[in-house]
Amino acid sequence: MTGMIVVSDYDPRWPERFEDLRQRLAPHVADLTVSIEHVGSTAVPGCAAKPIIDLDIVVSEEAVMPELISRLAGQDYRHEGDLGIPGREAFQAPPAAPEHHLYGVVAGSKPHLDHVLLRDYLRQRTDEVQRYSALKVALAQRFPADSEGRAAYSAAKSALVEELVAKSYAARAASES
């Protein structure tokens, strides 16, 4: 039998795990990147999350992406395409690496902004972190950890994620006016 999706309480070691992964990647892509960002729920103190670090390798322009893909392939990352999100390239980590999700994005693109604005918004809003965490914990108890269960889990939280992303853009607009 397949286990259930694991959603853990926030682990203060997650930023250290991100930094370890960033340091592994940086020597191979530093000349191509604007930054390597810790994104997703593990980047938000206090947020419950699947204990898998999400990273964005941020490049300056789309023209750099083929070289990024090539270099990551040379480090045994498998390019998975955009996985249905135009402008975001996904990579499967090498089998020997710590489990993580890696994406390539162009600075200022919608996928990049969706990730960093949501992260930054949640870092400022503990009430929203609690709401999002509670939903993820409840959903993890409903769905198995197989591919269908993970897809159903993601779909079930998508309305709240979309609401939070919209709020993050609104907060940015308000701070710029």
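I am working with a predicted model, where local features need pLDDT of at least 70, side-chain atom pairs count only at pLDDT 80 or more, and totals for chains, interfaces and linings use all residues. Residues are numbered from 1 along each chain as its sequence is written, and side-chain values use heavy atoms, with hydrogens and water left out.

Entry 1, Leu-72. I found Leu-72 in helix α2, residues 65-73. Helices (H or I, at least four residues) and strands (E, at least two) are DSSP runs, numbered from the N terminus. Leu-72 counts as buried because its relative accessibility is 0%; buried means under 20% relative accessible area (1.4 Å probe, protein chains only). I looked up its contacts (heavy atoms within 4.5 Å). Leaving out residues up to four places away in sequence, Leu-72 touches Leu-25, Val-29, Ile-57, Tyr-77, Phe-91 and Leu-102.

Entry 2, strand β5. I see 6 of the 7 residues of β5 (100-106) buried. Strands pair if DSSP finds at least two bridges between them. β2 (residues 53-59) runs parallel to β5, with 7 bridges; Ile-53 has His-100 as its bridge partner. β4 (residues 88-92) pairs with β5 in the antiparallel sense over 5 bridges. There, Glu-89 stands opposite Gly-104.

I read an angle of about 170° between α4 (residues 126-140) and α5 (residues 147-176), with axes 10 Å apart. Axes are lines fitted to C-alpha atoms, for helices over the stretch in contact, and angles run from 0 to 180 degrees between N-to-C directions. The two helices are therefore roughly antiparallel, a label for angles over 145 degrees.

Conventions. Buried < 20%, exposed > 50% of the residue type's maximum accessible area, 1.4 Å probe, protein only. Parallel < 35°, antiparallel > 145°, perpendicular 65-115°, else oblique.
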